[in-house]
Amino acid sequence: DKGEHRHFMAKEIHEQPEVVGHTISAYLDPVARRVTLPEGGLDFGRIDKLTLSACGTAYYAGLIAKYWFETYAKLPVEADIASELRYRDVPYMPGGAALFVSQSGETADTLAALKDAKAAGQQTCAVVNVPESTMAREADAIYPTHAGPEIGVASTKAFTCQLATLACLAIGAGVARGVLSREEEERLVGALLEVPRHLAEALAMDEALRDLAHEMSGARDVLYLGRGVSFPLAMEGALKLKEISYIHAEGYAAGELKHGPIALIDEAVPVIVLAPKDALFEKTVSNMQEVMARGGKCCLISDEAGLAEAARGGELWGRVPVPSLPEGRLTGLLAPLIYAVPVQLLAYHAAVAKGTDVDQPRNLAKSVTVE
Ligand code: F6R
């Protein structure tokens with residue numbers, strides 16, 4: 001049932017404050033402001049390396065989590081797409097663990113990579129949305145996401161629930177490894193508890209994003225730029241756009257621009273810039289200004305303060321104001337969850353404008369059980 005929405009995808013985008021709330025409450029104690037990871041899970045205090053793998057959108061959630069595990073838990077993480085990981089000669093070392101992310105829990109490559117890691121003596125765990133799935137059965141430990149059934153082929157709420165789960169795991173790992181103090185844990189948990197509210201605020205942009213997306217729907221190519229945690233989100237934005245609107249899009253690390261893709265820039269290629277006010281904001285904006293200086297049209301996704309600061313660099317084609325987030329280290333934790341919303345809505349409205357089959361894009365299946 002789509003309720004008041006035209007598509008399951010729209011319904012699922014709008015469900016995010018609620019389902020992310022459910023997911024967070026499975027892993028956090030809101031009163032004590034502590035992370036409460038389930039019994040029988042990974043013992044992060046005893047792990048010296050984490051191998052992280054998945055496919056598609058779930059992989060981008062994993063890549064964002066790599067930054068979090070490094071920042072909050074000082075845990076070395078290697079992340080790779082499952083179809084590569086399973087065919088590499090990975091030198092798995094004793095004391096390592098492997099974490100797999102999957103909405104369906106059935107993706108063939110991810111499942112094969114999980115079995116390989118297990119056979120190589122790694123502790124395995126799976127962040128899955130379907131608790132009775134094959135991956136959930138095969139893994140030593142599971143961390144369920146509580147997104148509920150996802151019908152739209154393009155993953156939206158499953159992605160943010162994966163992020164919510166992984167954020168809790170990274171903080172829990174930081175505590176277990178003695179990296180985070182009690183005060184830091186409280187601050188991070190307190191910030192995560194605000195995510196459903198920020199998501200609801202971000203969803204209020206829905207209408208405003210429609211016009212921008214309509215304009216974008218005429219483009220042949222779109223670039224998405226971001227740094228740090230916003231780099232995987234840029235790739236996720238590009239994936240979402242291409243799979244449902246069939247517009248060619250690429251997500252790039254903003255710093256890579258001058259190493260090739262800047263050659264693509266002209267007034268026909270919209271550039272979506274993801275720049276939360278974190279430590280990398282100035283660097284990303286300066287990359288954006290390089291694009292603008294070459295006649296590129298840029299749409300900046302940031303908070304009001306970020307948009308005001310960037311406005312000094314010239315006329316933006318698009319401005320997407322996202323709710324402002326707490327400063328400093330907390331922005332890096334919250335931004336991927338909140339900035340996911342405008343990224344999803346842009347893709348959704350561009351696809352609606354083009355009249356594609358949003359919930360059932362051509363050539364795609366919800367669950368990829370063959371390699
Ligand atoms: C994109 C999308 C796919 C899946 C990928 C992995 O919107 O849905 O990229 O993320 O096929 O699927 P799961 O998470 O079921 O392993």
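Predicted model: local features only at pLDDT ≥ 70, side-chain atom pairs only at ≥ 80, totals over all residues.
The structure holds 2 cavities of 30 Å³ or more. A cavity is a set of points on a 1 Å grid over the protein atoms alone where a 1.4 Å probe fits but cannot get out, and lining residues have an atom within 4 Å of a point. A volume is the space filled by probe spheres set on the points, with grid points joined across faces, edges and corners.

**Largest cavity**
- The lining comprises Pro276, Lys277, Asp303, Pro323, Leu325, Pro326, Glu327, Thr331 and Tyr339.
- By class, this lining has 5 nonpolar, 1 polar and 3 charged residues.

**Second largest cavity**
- The volume of the second largest cavity is about 40 Å³.
- Arg227, Ser230, Leu274, Ala275, Pro276, Asp278, Leu280, Phe281 and Thr284 line the second largest cavity.
- The class counts for this lining are 5 nonpolar, 2 polar and 2 charged residues.

**Asp303**
- Asp303 is found in the loop between strand 11 (297–302) and helix 13 (304–311).
- Asp303 is buried (under 20% relative accessible area, 1.4 Å probe, protein chains only).
- Asp303 has no salt bridge (a side-chain nitrogen of Lys or Arg within 4 Å of a carboxyl oxygen of Asp or Glu).
- A polar atom of the Asp303 side chain lies 2.8 Å from the backbone nitrogen of Gly306.

**Basis of the values**
- Residues are numbered from 1 along each chain as its sequence is written, and side-chain values use heavy atoms, with hydrogens and water left out.
- Local features need pLDDT of at least 70 and side-chain atom pairs count only at pLDDT 80 or more, whereas totals for chains, interfaces and linings use all residues.

Conventions. 1 Å grid on protein atoms, 1.4 Å probe; cavity = no way out; pocket = protein on both sides within 12 Å on 5 of 7 lines; lining within 4 Å. Nonpolar A, V, L, I, M, F, W, Y, C, P; charged D, E, K, R; others polar. Helix = DSSP H or I, 4+ residues; strand = E, 2+ residues; numbered from the N terminus. Buried < 20%, exposed > 50% of the residue type's maximum accessible area, 1.4 Å probe, protein only. Lys, Arg positive; Asp, Glu negative; His and termini not counted. Polar contact = N/O pair within 3.5 Å; in protein donor to acceptor, adjacent residues only side chain to side chain.
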